[in-house]
Amino acid sequence: MCGIIGYIGEKEAAPILLDGLKKLEYRGYDSAGFCLLDNGVLKVIKDKGKISEFDDSVELRGSRGNVGIAHTRWATHGEPSKINAHPHTDCKGDISIAHNGIIENHSALRELLIAEGHTIISDTDSEVLAHLIEKFYDGDLEEALIGALRLVEGTFGLVVLSKNEEKICVARKGSPLIIGIGNNEMFVSSDATAILNHTRRVIYLNDDEVASINKKEYNIRNIDGGNVDPEIHEIKWNVGQIEKKGFKHFMLKEIFEQPSSLENVLRGRVKGNETKSSVDVDYKNIKRILITACGTSWHSALIGKHLIEKMVGIPVEVDYASEFRYRNPLLNSQDLVIVISQSGETADTLAALREAKSKGAHTMGIINVVGSTIARESGSGIYLHAGPEIGVASTKAFTSQVLTLFIFALHMAQQKGLGVDAKIFDELKIISKKVSECLLQSEEIKNVASNFKNIKNFLYLGRGINFPVALEGALKLKEISYIHAEGYPAAEMKHGPIALIDEHMPVVFIATNGATYEKILSNMEEVKSRGGVIITVTDRDDVVINRLSDYVMKVPSTICELSPILNSIPLQLLAYHIADLRGLDVDKPRNLAKSVTVE
């Protein structure tokens with residue numbers, strides 16, 4: 001969600017901070033700001049709106065300090081405004097902070113500080129931190145920060161400056177922060193993309209850790225006082241992977257990267273007709289699996305349920321991570337809880353993981369970002385290796401999650417001695433090629449999209465393993481085009497949604513070959529008889545399909561278990577082209593953030 005970058009070194013901080021914020025734009029934001037330590041003065045420049053508006057800022061360009069912090073804000077407490085933008089300072093201008101997270105007891109702290117004479121001008125929960133740190137400051141910024149945090153309830157990724165000390169202090173609880181190690185310079189960021197131009201050597205801070213950083217060294221300790229000897233990680237991906245490479249939007253680039261991202265999932269995990277896995281789970285003693293996730297990852301989890309139950313014969317439950325811990329889930333040592341998160345930092349999913357571990361269940365993660373909090377805490381898991389996903393609307397991470405779940409189910413079946421049809425491995429070997437075939441239809445799908453750019457509502461219908469694909473297709477359209485869309489099991493249409501069908505309600509059917517194919521045709525007849533406009537995703541050259549459909553988007557045939565991957569591609573392209581034809585900012589849809597790190 002909100003983004004943080006900090007710099008201390010021998011270079012001018014302002015250009016580095018500005019470039020870092022631009023790298024963080026994809027996370028979503030509504031305002032931005034900078035604070036630079038310039039000749040013993042904290043200079044704050046901030047406003048609502050786009051980061052590009054700071055390119056010509058005379059005040060920012062005129063700042064010569066070598067120490068600074070910057071922030072992109074996604075509003076939680078208080079509307080987007082200049083006053084509510086970060087960084088915030090205390091009354092005297094001695095302390096400046098940028099904060100990700102939520103301070104749950106901010107109201108009580110605000111009352112305490114106002115009673116002591118502090119003037120708090122913003123509506124945010126964050127500003128109280130600057131005043132609280134100033135309250136405890138007595139020449140040592142790190143000690144003041146620790147003293148303040150002992151009164152704080154909530155989550156924070158926090159960076160702090162004092163006008164009196166040439167250092168940056170940082171703290172983390174529930175909101176990610178990393179330290180980047182350079183040559184006579186140090187960086188702090190909420191996301192590696194912001195500092196990748198400068199260093200690949202990073203330290204991932206853990207919860208309840210505080211660090212003090214100057215240009216040559218860092219010192220990390222627990223809030224309770226114990227010293228920490230951190231592990232230094234090397235970021236493997238490169239700057240080229242976070243560039244558009246000629247594509248109009250990151251989302252379109254990432255849609256077209258799916259053949260290679262799927263190959264990365266397969267690499268090293270499937271050899272001949274055998275699967276390999278580094279997951280440390282005693283499969284024979286697992287009696288039940290629970291998968292928990294949010295948003296797009298929850299849709300992949302629903303597909304995973306179909307795959308595991310069909311191939312392994314173990315009951316699987318799927319839960320929204322945001323609801324999981326609040327229903328007091330019944331777990332034991334024979335349960336395996338799988339958490340899925342592209343970023344590995346999703347607050348609700350991380351909380352669900354911790355809940356599962358506290359109740360004695362086995363846990364594993366399916367994560368894309370190496371070194372993320374969920375990856376470190378899950379104990380066992382699978383990296384997608386899909387590469388950085390910059391577009392807010394997930395595409396390649398979704399199909400990579402589905403393929404990962406399929407390989408996991410396949411491996412579990414083999415470990416339990418269950419028979420596996422050799423055709424499965426034949427299809428695995430060519431799935432990326434078939435995705436490439438789907439992508440060749442991008443311009444044809446754009447032509448279809450041109451007929452629907454002004455539509456107000458959509459309905460997506462699928463059955464069985466492709467019902468979650470209908471949900472995902474509807475979500476993609478909602479996220480980036482702002483068109484209302486709903487996904488349903490096709491058989492449920494008669495239980496309510498059919499009342500909405502008329503010539504103004506396009507209906508997208510997923511009608512690929514399978515056990516429910518004839519049932520889908522019957523549902524299409526029902527829509528057609530009521531004047532509905534039908535868009536069909538199919539692998540069949542069927543006379544009935546052609547008669548019923550106003551528009552057809554073809555995909556190659558594959559086995560049922562892999563069909564969700566192929567069926568997702570035209571739906572991603574349809575959503576993208578509709579949003580682009582509407583003139584919208586596809587990569588940065590309103591109100592959304594790439595990684596939701598607060599509840």
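Figure 1. Helices (H or I, at least four residues) and strands (E, at least two) are DSSP runs, numbered from the N terminus, and two strands pair if DSSP finds at least two bridges between them. I168 has I213 as its bridge partner in β12, and V170 has A211. Strand β7 (residues 156–162) also pairs with β8 in the antiparallel sense, over 6 bridges. S162 stands opposite E165 in β8, and the hairpin joining β7 to β8 runs through 2 residues. Of the 9 residues of β8 (residues 165–173), 7 are buried; buried means under 20% relative accessible area, exposed over 50%, and partly exposed in between (1.4 Å probe, protein chains only). Residues are numbered from 1 along each chain as its sequence is written. Because the model is predicted, local features need pLDDT of at least 70 and side-chain atom pairs count only at pLDDT 80 or more, while totals for chains, interfaces and linings use all residues; side-chain values use heavy atoms, with hydrogens and water left out.

Figure 2. The open sheet has 6 strands in the order β5-β6-β7-β8-β12-β13, and the pairing is antiparallel. β5 (88–89) and β13 (218–222) are the edge strands; each has a single partner strand, so one side of each lacks a neighbour in the sheet. Helix α5 (residues 141–149) packs on this sheet, where it touches β6, β7, β8, β12 and β13, and its direction makes about 25° with that of β8. Axes are lines fitted to C-alpha atoms, for helices over the stretch in contact, and angles run from 0 to 180 degrees between N-to-C directions. Helix α4 (residues 127–136) lies across β5, β6 (95–100) and β7, and runs at about 140° to β6.

**Figure 3. Strand β6 and its two partners.** Because 6 of the 6 residues of β6 are buried, the strand is largely enclosed by the rest of the structure. In a regular strand the side chains alternate between the two faces of the sheet. In β6, I95, I97 and H99 point one way, S96, A98 and N100 point the other way, and all are buried. β5 pairs with β6 in the antiparallel sense over 2 bridges, with T89 opposite S96 in β6. These two strands form a hairpin with 5 residues between them, and G93 in the turn has a positive phi of about 75°. β6 and β7 pair in the antiparallel sense over 6 bridges, with N100 opposite G157 in β7.

**Figure 4. Burial of helix α5.** In α5, 8 of the 9 residues are buried, so the helix is largely enclosed by the rest of the structure. The buried residues are L141, E142, A144, L145, I146, G147, A148 and L149. They pack against β6, α4, β7, β8, β12 and β13, where contact means heavy atoms within 4.5 Å.

**Figure 5. A nonpolar patch at L112.** L112, F136 and L151 make a nonpolar surface patch of about 230 Å². Patches are made of residues with over 30% relative accessible area and no salt bridge, with like charges joined within 9 Å and nonpolar side chains (Val, Leu, Ile, Met, Phe, Trp, Tyr) within 5 Å. A salt bridge is a side-chain nitrogen of Lys or Arg within 4 Å of a carboxyl oxygen of Asp or Glu. Accessible areas come from the Shrake-Rupley method with a 1.4 Å probe, and for residues only the protein chains shown count as cover. L112 lies in helix α3 (residues 106–115) and is partly exposed, at 34% relative accessibility.

**Figure 6. The parallel sheet.** In this open sheet, 5 strands follow the order β18-β17-β19-β20-β21, with parallel pairing. β18 (316–320) and β21 (381–383) stand at the edges with a single partner strand each, so one side of each has no neighbour in the sheet. From one strand to the next the twist averages 15°. Strands β17 (residues 288–293) and β19 (residues 335–341) run parallel and are joined by 5 bridges; L290 stands opposite V337 in β19. Helix α10 (residues 347–358) packs on the sheet, touching β17, β19 and β20 (362–367), and its direction makes about 165° with that of β19. Helix α12 (residues 396–415) also packs on the sheet; it touches β17, β19, β20 and β21, and its direction makes about 160° with that of β19.

**Figure 7. Surroundings of H299.** H299 is found in helix α8 (residues 295–312) and is buried, with a relative accessible area of 7%. Apart from neighbours within four places in sequence, H299 is in contact with F398, P468, L471, E472 and L475.
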